[in-house]
Amino acid sequence: MKKLLSLYVLSIFIISCSPEESCEPTPKLTTSEATEITDVSAIVTGTITPPTCDETVTSQGFVYGESELPTIDDTKIVKSGSEVSVSLNNLQQNNTYYIRTFFENPTGVYYGNEVVFSTAVGDAVVQTGEINEDYIYTDSLYSISGAVISTGGVPILSVGFCYSTDSNPTIDNNTIESENVSEQFSAS
């Protein structure tokens, strides 16, 4: 009986001294790869699991920028919930972006893994102005102007005009190059 009583007391002692259920002091953050990447947009998803010791949330969501390891001082998008998603729009064409999930509470700011993606090269868009005819003595001179609306995210190497007596001329026809490689150009 003495052995049985000792065994009973020992088991009560072990049970009463077992550690309390532990809590998780930091959030678990995951950033998934970007999807549906275009020349000016992308979709990013992630998961945010708050800490179980203190579930207070100041803010959470995504941070992104053009430099590695973006922080809440860069562009911040606040999203609530545990499965979060954001559609990034109005991005620069042919550019690299860094994004990660974040969680902020009174104990600090926590970040998830970093995801890197690059937007695609877009279409160049050029607008041609009207052709103006000027008469100087007996010769006719024509002037035309144009503007680069979008470079497609790549540097401009040269600008100018191509012309032909056929419709839809290309650079394989006659060309006039402008010395002004900028957003606006003209030729005479």
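## Surface and burial

The accessible surface of the chain comes to about 13,000 Å² (Shrake-Rupley method, 1.4 Å probe). Carbon and sulfur atoms hold 51% of that surface. Of the 188 residues, 27% count as buried, meaning under 20% relative accessible area; exposed means over 50%, and partly exposed lies in between (1.4 Å probe, protein chains only).

This is a predicted model: local features need pLDDT of at least 70, side-chain atom pairs count only at pLDDT 80 or more, and totals for chains, interfaces and linings use all residues. Residues are numbered from 1 along each chain as its sequence is written, and side-chain values use heavy atoms, with hydrogens and water left out.

## Confidence

The chain averages a pLDDT of 80 (the predictor's confidence in each residue, from 0 to 100). At least 70 is reached by 70% of the residues. Confidence is highest in strand 8, at 98. It is lowest in helix 1 (residues 2-16), at a mean of 47.

Over residues 9-18, pLDDT stays under 50. The model has zero contacts beyond four places in sequence for that stretch, a contact being heavy atoms within 4.5 Å. Where pLDDT is low, the predicted coordinates should not be read in detail.

## Fold and core

The chain has one helix and 14 strands. These are DSSP runs, numbered from the N terminus: helices are H or I with at least four residues, strands E with at least two. Among contacts with a separation of 6 or more, 58% join residues 24 or more positions apart.

The largest nonpolar core has 16 residues. Such a core is a set of buried Ala, Val, Leu, Ile, Met, Phe, Trp, Tyr and Cys residues joined through side-chain atoms within 4.5 Å. Those with the most contacts inside it include Val44, Phe62, Tyr64 and Phe117. Strand 2, strand 3 (59-65), strand 5 (83-88), strand 6 (96-105) and strand 8 (115-118) each give two or more residues.

## Aromatic cluster

Tyr64, Tyr97 and Phe117 form one aromatic cluster. Rings of Phe, Tyr and Trp (its six-membered ring) pair if their centres lie within 6.5 Å; planes under 30 degrees apart count as stacked, over 60 as edge-to-face and the rest as tilted. The count comes to two aromatic pairs. Tyr97 and Phe117 are stacked, 5.8 Å centre to centre with 25 degrees between the planes. The pair links strand 6 to strand 8, 20 residues apart. Both Tyr97 and Phe117 are buried.

## Glu36

Glu36 sits in the loop between strand 1 (28-31) and strand 2 (42-49). Glu36 is exposed, at 60% relative accessible area.
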